[in-house]
Amino acid sequence: MSEVTATPTHFIHEIIEADNAARKWGTWPDGRPRVHTRFPPEPNGYLHIGHAKSICLNFGLAKHYGGKFNLRFDDTNPCKEEQEYVDSIVEDVRWLGGDWEDRLLFASDYFKQMYDWACLLIKKGKAYVCDLTPEETSKHRGSLTRPGTNSPFRDRSVAENLDLFDRMRKGEFPDGSRTLKAKIDMASPNLNLRDPVMYRILHAEHHRTGNAWCIYPMYDWEHGLEDSIEGITHSICTLEFENHRPLYDWFIDAINEGETSPIHHPQQIEFARLALTHSLMSKRKLLELVKDGHVRGWDDPRMPTVSGLRRRGYTPESVRAFCADIGVARFNGVIEVVRLENALRDHLNKIAPRRLAVLRPLKLVIENFPEGAVEELDAVNNPEDAAAGTRKVPFSKVLYIEREDFAETPPKGYFRLFPGNEVRLRYAFFVKCTGCVKDPATGEVTEVHCTYDPATRGGDSPDGRKVKGTIHWVSAAHAINAEVRLYDHLFKTTEPEDVPEGVSYLTNLNPESLVTLSGCKLEPSLAACEARRDSHGTLTPDRVQFERHGYFCVDPDSKAGALVFNRAVSLKDSWAKAKGR
RNA sequence: UACCCGGUAGUGUAAUGGUAGCACAGCAGGUUUUGGUCCUGCUUGUCGAGGUUCGAAUCCUCGCCGGGUAGCCA
């Protein structure tokens, strides 16, 4: 069975496979059925995980069926769009693995063609220049339950419409004074069909066309034309455009009516956008979080933006796996964010080198270990990947262990260090706790003491003796210092936007979403880690597993000798779960 | 009280007139030099009522519930 005829995994596959079987969209030169998708962002903000779903869908479909994928900027509103956003979107789509080859396209490049088609519609009596103000237009539209009323300018002559539209283009009229509208049906139950605006007057500088135009096309008019020009077969968008589909079809049909060589008519298909628990996808609110300083920027590791995920330590592979895993449907649900976190764990478990790192250090003194001696011990780099090999880790008389790995009076089921208990120091020796030293003023434990069994070197006892606990450690004399940032959900509630009337979603912000730890003690090999960048300048930080903690990556805030690590995701912790009960 | 679209375990997603399955979460156990990984088992579901049919998650009707739509935004 060839890849192309594999079992469909969702309804869009079914549509495409039926189209392919019927050769609905023709074929490529090599004879295979044509599939051509696109991702059409407006460059007015940063991409987030919801966009990633769309990118993976569109690019994935093109790739699966041996088709093509375009990256097209839908830059038809000069008031909101900026080059900065174009650049970040290009970077994010590329990072996610989207390949548009030489087709990085801009809707603004089609302005002249769209204008000509608009004139054609005027000549066909299907479009007219309307002098109604925005407020009047709104009134004439009627309501959800009342039909609209015709504009008094609806029946202007073709000649007058052509003249007025030409003068709109030349900039003779002020912003908002006139529009070009499609003549459809003011009584349609679908409000989108009540003589929608095709062009508005905007004397604004466009990021690419400058001042060449002072009329700009509206989404409903423009979008299908862009798809048509590019030969898009399946124009995939989100569910809220469902009511717009009749208009998408109407415009292209209107252009084609009576023509001997009709333009290409793609098929619009809607799917459910992504929503994640403990998260937010609204561009406006994301911007607010950045502007008001609730996060450190668009790429704050707590943000659901693609750049945030990247800085957090997510791999493109894990984001793609997540998008494939959650599926595509026509139901607006909410995905549990643990699914995303799990996708990362899955990938990093396979590829991340293991390292020893003590986040909240507590001194462990080995009473019977010779002063000044150093043992070089072999540590496995990745138990999931034998090819990753081993490394040497220095061991000495004074170590750091995790504060939470010692308890003077252990809770039930605790099998870490406590007086009289023996545990294994990972890759090193068995040690038996002999007691601890406390600060007489505060009562805080400042040092733990133990003895080690030299016969257990490497972590196995020749006499077959077993220990229940294995803890990690770092040699105090060899440790390097680092800052570690622990992240938790930005919002403490599952659906942060779900707030009572008059209450801000900001009240759902999690005050503990960022915990910064300084003076963390890392094994010396970690000194070589970097916040690397690829040949495009895109961040690809080194990622490691700190054993028993989680997966971490190097943050670009790092400086020589002062590394900063971000926790991408913790390891599953059944002990923490058991304690919580 | 208009039109459009939806409703399957806690969450998401399959089954397209023929045994309601999968993933994640949860629970229990096994393995383990990470309380990780891995492995095994278990709990939990077709919004409701009618109808068509030998047989309905699927088709029909009527309800109920949810989402979308009244920008010169996309």
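Sugar or phosphate accounts for 60% of the atoms of RNA strand B that lie within 4 Å of the protein, and bases supply the rest. The model is predicted, with local features requiring pLDDT of at least 70 and side-chain atom pairs counted only at pLDDT 80 or more, whereas totals for chains, interfaces and linings use all residues. Residues are numbered from 1 along each chain as its sequence is written, chains are lettered from A and ligands numbered from 1 in the order in which they are written, and side-chain values use heavy atoms, with hydrogens and water left out.

RNA strand B is surrounded by 70 residues, of which Glu-14, Leu-132, Arg-416, Gly-458 and Arg-548 are the closest; a residue is near the strand if one of its heavy atoms lies within 4 Å of it. By class, this surface has 23 nonpolar, 23 polar and 24 charged residues. In this classification Ala, Val, Leu, Ile, Met, Phe, Trp, Tyr, Cys and Pro count as nonpolar, Asp, Glu, Lys and Arg as charged, and the others, Gly among them, as polar.

An N or O atom in the side chain of Arg-354 is 2.6 Å from a base oxygen of RNA strand B. Two or more residues of the surface near RNA strand B come from each of helix H5 (134-140), strand S6 (197-201), helix H11 (316-326), helix H12 (337-351) and helix H13 (574-580). H12 gives the most, with four residues. Helices (H or I, at least four residues) and strands (E, at least two) are DSSP runs, numbered from the N terminus.

H11 and H12 also pack against each other, at an angle of about 130 degrees and with their axes 8 Å apart. Axes are lines fitted to C-alpha atoms, for helices over the stretch in contact, and angles run from 0 to 180 degrees between N-to-C directions. H11 and H12 are therefore oblique to each other; angles under 35 degrees count as roughly parallel, over 145 as roughly antiparallel, 65 to 115 as roughly perpendicular and the rest as oblique. Glu-317, Ser-318, Phe-322, Asp-325 and Ile-326 of H11 meet Arg-339, Leu-340, Ala-343, Leu-344 and His-347 of H12, where contact means heavy atoms within 4.5 Å. Five nonpolar, two polar and three charged residues make up this contact.

Helix H4 (residues 111-123) packs on helix H6 (residues 158-170) at an angle of about 160 degrees, the axes being 9 Å apart. H4 is therefore roughly antiparallel to H6. Tyr-115, Ala-118, Cys-119, Ile-122 and Lys-123 of H4 meet Val-158, Asn-161, Leu-162, Phe-165, Asp-166 and Arg-169 of H6. The contact comprises seven nonpolar, one polar and three charged residues.

The axes of helix H7 (residues 219-230) and helix H8 (residues 245-256) come within 9 Å and cross at roughly 65 degrees, and H7 and H8 are therefore roughly perpendicular to each other. Residues in the contact include Trp-221 and Leu-225 of H7 and Phe-251 and Ile-255 of H8.

Methods. A polar contact is a pair of N or O atoms within 3.5 Å; within protein, one must be able to donate a hydrogen and the other to accept it, and residues adjacent in sequence count only if both atoms are side-chain atoms.
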